[in-house]
Amino acid sequence: MSPKKYTKKTAKRVHKTRRNNYFFRRKILLGILIIALFGTGLYLKQSISYYYALYFNKFTHKKLHNNEKETLRIQKILSNNLDKTYGFDISHYQNREDIKWESLSIGNKTIPLEFVVMRATMGNRSADKHFDEFWQQAKKHNLVRGAYHFYRDDEDPVIQANNFLENVKLESGDLPPILDIEKIPRRKSNKNLVADLKIWCKIIEETYGEKPIIYTYYHYYKDFLKGEFDDYPLWLANYNDVPTPSPDDQWDFWQFTENGIVHGINTKVDLDVYNGGVWSLKSLTLD
């Protein structure tokens, strides 16, 4: 049988078909690669942002220092709690331009900060001037967020609770509301103070369906609150050279210094450790 002969027109059509098929396959492969790269970028977005800020973003970090005693105390706490989760808390005392949210870390940049707690309201009427901006920045950078109310013991607990609820809109993934109580009342008894605090907590709990976190200093808790809020999450401040914030009480958060030096913040801040891992912390957040 003689070989099949192609006309010039047929050969040209075959060549064109093969070329179109070739470029079509390349386009499909290119599309798959673009989708894969885009998906990988989304998955690694936080890590990429962190390392970009760490090495390329121009942020002049101030040389902040602590005395030798405080430096050693902080280092000991960090080394003894490497299995736990770290965070920080801020308020209007920190300037907006002093925080570079993309690269927050401690311990010579080896420990990332996973959560931030910020002051939202104070007393009957006041609100922190930086709260709204800090709140949005924390969400943008995938930090677990917490908002606290600074309680003024001589003001009305109902009005104070409403002040918090009017200014703070918690979402799924945020920590429960936090009550900061640290002032000793001058015009009311300890019994009345506790009763007022429970009113504030009841209003908040009925709104969110979760018990608020109680923040206070160790000695304040021991002297005024112990036995009254035992079933509430507890956040204790203790800046002494101790292995835990309380020798007797179960605690969830420990504010262990007010002199924290954070890579990415140009002022000293309060540093906190959560008594558990990241997933445990997230299980504490609102649904």
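Predicted model: local features only at pLDDT ≥ 70, side-chain atom pairs only at ≥ 80, totals over all residues.

Colleague: OK, how many helices and strands does the chain have?

Modeller: There are 8 helices and 11 strands in the chain.

Colleague: Where is asparagine 108 found?

Modeller: Asparagine 108 lies in the loop between strand E2 (105–106) and strand E3 (111–112). Its phi is near 55°, a positive value in a residue other than glycine. Lysine 109 is found in the loop between E2 and E3 too, and there phi is near 70°, again positive in a residue that isn't glycine.

Colleague: What share of the chain's residues is buried?

Modeller: Buried residues make up 43% of the 287 in the chain.

Colleague: Switching to helix packing. At what angle do the axes of H5 and H6 cross?

Modeller: Helix H5 (residues 157–167) and helix H6 (residues 190–208) have axes that cross at roughly 35° and come within 8 Å. The axes are lines fitted to C-alpha atoms, for helices over the stretch in contact, and angles run from 0 to 180 degrees between N-to-C directions.

Colleague: Which residues make the contact?

Modeller: Contact means heavy atoms within 4.5 Å. On the H5 side you have Pro157, Val158, Gln160, Ala161, Phe164 and Leu165, and H6 brings Asp196, Ile199, Trp200, Ile203, Ile204, Thr207 and Tyr208.

Colleague: What about serine 172, where is that?

Modeller: Serine 172 is in the loop between H5 and strand E7 (178–180). With a relative accessible area of 55%, serine 172 is exposed. Leaving aside neighbours within four places in sequence, serine 172 is in contact with Leu286 and Asp287. The C-alpha atoms of serine 172 and leucine 286 are separated by 5.0 Å, though the two are 114 residues apart along the chain.

Colleague: Now aromatics. How many pairs does a search of the whole structure find?

Modeller: The search finds 15 aromatic pairs. Rings of Phe, Tyr and Trp (its six-membered ring) pair if their centres lie within 6.5 Å; planes under 30 degrees apart count as stacked, over 60 as edge-to-face and the rest as tilted.

Colleague: Why is the pair of tyrosine 217 and tyrosine 239 put in its class?

Modeller: The planes of tyrosine 217 and tyrosine 239 are at 85° with ring centres 6.2 Å apart, so that pair is edge-to-face. Tyrosine 217 is in strand E8 (residues 213–217), and tyrosine 239 is in the loop between strand E9 (234–237) and strand E10 (253–260), 22 residues apart. Tyrosine 217, at 30% relative accessibility, counts as partly exposed, and so does tyrosine 239 at 23%.

Colleague: Which residues do ring pairs link into a cluster?

Modeller: Phe115, Tyr215, Tyr217, Trp235, Tyr239, Phe253 and Tyr274.

Notes: Residues numbered from 1 in each chain as written. Heavy atoms only, no water. Helix = DSSP H or I, 4+ residues; strand = E, 2+ residues; numbered from the N terminus. Buried < 20%, exposed > 50% of the residue type's maximum accessible area, 1.4 Å probe, protein only.
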